[in-house]
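Let's take a walk through a protein model together, stopping at a few spots worth a look. Have the 3D view ready.

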Amino acid sequence: MWGLIVALVVASGAFAWVQLAPQPALDMVLGPDLTVRHVMVEREPGAEGQTFQRGDRLTHIGGMSVDNLQEFRQLLPPLLKEAGPPEYQNDEGEPEDEEAAVADEQRVVVDYQLLRPVHRFLLALQEETVEPGELPPGVEQGDRLVEVDGRVLPEKMGAEGIRSVAASRPDAVLGIERSDAVFSGQLQVDADGGAPGVLVTFVLVLLVIAVIWRWHSDRIGERAAYCVGLETLCMGWLLMLVFGFQWVLGDPWLAAAVVAGLAMVRPLSMFAREQARGESGAGGTIALGIGALVTAGLVGLMAGGQLASAEEALHAAAIVTGLFIIYELAVGGMEGKSLLDLGDRGGYLAGIVILGLLVCAVLLVLEPVGFREDTWRWFAVLLPGLMWFGDVLYVIKYGTYSAMGEVADRQARRKVIEDYLQEMAAEMPNTDLRLIAMIEGRAMQVRTTKQGLEVRIADSSLADAVEIMITENAAVPLPESTDRTNHPMAGIANALNISLAVVLAPPAGMLQLNMDDLEIALVGIRESVEGDIPSYASSETLDLAQQLWEGPVASAALIEAVSAMPLQGETDGTVEKAPASVRRELDEVQQQLDEVREENQQLAEKRQEVGGQLQTVQRRVRLGELTRTAAHPPINAQQRQRLLEGELIEALDYLLDEPDPVVFAGPGGVGKEFTAFQAHLLEGGKEGDFLVVDTVHEGWAGRLDDILGEEGGGVGDELLKGFAGALVLRGAQRCDDRRLLALCHQCDEKSVRLFLAFESEEAEQRSVLEERPRPLQELLEHREVIIPRFQTRPEIMDGVFEFWLDYWTARYDMRVDGFSRMALETLRAYDYPGQIAEAVEVVRLAVLAAEYDVVDREDLPLRVRSGRRT
């Protein structure tokens, strides 16, 4: 089979070389209808110049008419053999630029003719006299005038308009548009042609297939390795979209091979992994069938002329490949498997593939024409190439992170074995199931007990029974065709109450040790009950035992058995150790498992760290949606001394030494939230970490419940977890006792500073906590700060007026230096029923009304000028 695959690769490479080697590398990209899509090399205009532009259509080559890329491909090679090198001459016809001639001695020129749908050019009249009824030189019937002296005309003008402009403005520069303009020139190409990328591609394909043949894992089976080898061949054909895309579009045979590669590359992978896992499902077979049908259908439509060009077949095959990749990603996500069974590395690979699919979709939306003409082929190679790379790793390593990761530590190994024995125990009730490992003549027993998994030396009678069963190639129950009366296993089963015994075949993915004598059997000892008729396992139960005997289970059982192998020997009175070969193998395996466990642990820690950071960000975003930030202007320490009394600042410093909540009480507008904000800053908090919940807004109770979380008595997530800031409950008098107490406890647990702002007109006469339950009073009664009415705080009045004067003048870009003596006395005398909030507004209105560089009494609102302190 490997010889056949190598022969296919050699034949594919030879065929691709024969088809592509005669074709030169062009300086532009042509579509199937010979329309110029992209010009890669711009040459100087002239006799040997190339005047290709995007949208031009090639109509003749070497004097012969061509209609499509297929005809062009067939005509070009013989024309190149007859063509000569480019000639470099000056205006007098003498040879020129010998260095360029030497550099291009391997290039030849071929005459061509092209049709440009719309050609625009400038024509300078140069004051030439034009006969009436004649067009200026260089202008033809059917040309249109689109601009004059650089100015675009609102409407295109025909021949009459051109004559009129030429007659009236003989020195004008005209912009002419000509439809279906014909151009001739000489196409410069390499004389030798060649396709080095083809040789490199298929040589690499051979090398990769040799690596797969030599080093593929024995655990996956030969069929899986064959399929990945064929998948590698498909990738070689996909690379023709990179190294020979121009000629693949014009060669139906090459296009058919690339279509087959696109349609079959992922079905071969799906079938390979199904074979490697030992699955009996038909998913991989169905995928192969779909790929074959797509290939046959597209090639048939292309051969029958039902498709406009080979490019349409390639587009359809690429779409099928993308659908296969999306299906694999979706199924892997639903089944909780990493891509290609490569563990966490498969997750990274899947992320790159998904990103590639998203980029592909974005480019298709942003540049649909460019994507369909050229960009799609890079994604058609890159995305299957990434998946193919994962397949190659899979067949060589066989998913170290899936097979060995489950048995990387002792606890994981025991869990895998216990699960297997429990699943079999459900099929065999009242049966003591155990695994017997026969390792180089020694028998180790693995079974479950009430204390957990037990691994010890097997009883000699049970070890002899298993050895006989292995020698006789028998099982319990014996097949019906066997003479049960004379078979030794029949008597052994009756004597030892064995109801199930079967030698388990090594599954795919099982750990391989360098031992010739290694067998593991599953044995079930029936619990004797007087009067019961002996019962035996069914053939379906034996099949299930083998079906559940997967690579991780077998590897775990083997490692546990070998780990417990040191025995108390009778010879020489010493402890007999396990064979040296076993120990060496075990040490190597344990080293591999330690490396796997360490890497898995690092990845788990990284995932946990990133997950925790993501949860913190999500909680903070949600918390920001439920609250608002402070809207107070920044102040420095000197300004704070003028806006807050010294005694108040000292009280705040004292209260902030403890983490308990702080209560602010007073009438509305006295600055409770402002004072809490200053306390937060005094504690070293950041401005953005000061959040406010205002009970005056509708729905505040629901928002507060979302903030509290279930542990705090609310109904949502713990949004305060990870928030290192301050929370203000404004209008706390509206909050019920349950929520208040829950909020206090929740903030204390999450180390969040809580400020409770109670609005009360009688705060100076009695405590706002007076009617609250005893637990709240005990928690908060010594934490209450009274903020008195503004008119009773003369020591901060001038500071408030001057601070807000500076603020509003800067805000409105005005120049007001201060208050006049009369204005300041009037401000001090006013009653301020709206407290500090009203004082701020009074200063704002005065600044807007001020006509000079100071605020006079006449600039104050009327109610302030006529008011008196009560």
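Is Gly-250 buried or exposed? Gly-250 counts as buried because its relative accessibility is 1%; buried means under 20% relative accessible area, exposed means over 50%, and partly exposed is in between, with a 1.4 Å probe and protein chains only.

## Before we go on

This is a predicted model, so local features need pLDDT of at least 70 and side-chain atom pairs count only at pLDDT 80 or more, while totals for chains, interfaces and linings use all residues. Residues are numbered from 1 along each chain as its sequence is written, and side-chain values use heavy atoms, with hydrogens and water left out.

## Back to Gly-250

You'll find Gly-250 in the loop between helix H8 (245-248) and helix H9 (252-277). Helices here are DSSP runs of H or I with at least four residues, strands are runs of E with at least two, and both are numbered from the N terminus. Now look for Glu-311: Gly-250 and Glu-311 are 61 residues apart in sequence, with 8.9 Å between their C-alpha atoms in space.

## A helix with a kink

Helix H2 covers residues 69-82, which is 14 residues. From first C-alpha to last, H2 reaches 20 Å, close to the 20 Å expected at 1.5 Å a residue (the expected span is 1.5 Å times one less than the number of residues). There's a kink of about 30° at Leu-76, shortly before Pro-77; the bend is the angle between axes fitted to the seven residues ending at a residue and the seven starting there.

The buried residues of H2 include Phe-72, Arg-73 and Leu-76.

## Asp-432 and its partners

Asp-432 sits in strand S9 (residues 431-439) and counts as buried because its relative accessibility is 19%. What does its side chain touch? The side chain of Asp-432 makes polar contacts with the side chain of Arg-434, at 2.3 Å, and with the side chain of Arg-447, at 2.8 Å. A polar contact is a pair of N or O atoms within 3.5 Å; within protein, one must be able to donate a hydrogen and the other to accept it, and residues adjacent in sequence count only if both atoms are side-chain atoms.

Most residues other than glycine have a negative phi, and most peptide bonds are trans. Val-476 and Pro-477, however, are joined by a cis peptide bond, with omega about 5°. Pro-477 is in the loop between helix H16 (460-472) and helix H17 (488-496).

Tyr-832 has a positive phi, near 50°, and is not a glycine. Tyr-832 lies in the loop between helix H28 (821-829) and H29, and it is buried, with a relative accessible area of 0%. Gln-835 has a positive phi too, about 65°. Gln-835 belongs to helix H29 and is buried, with a relative accessible area of 2%.
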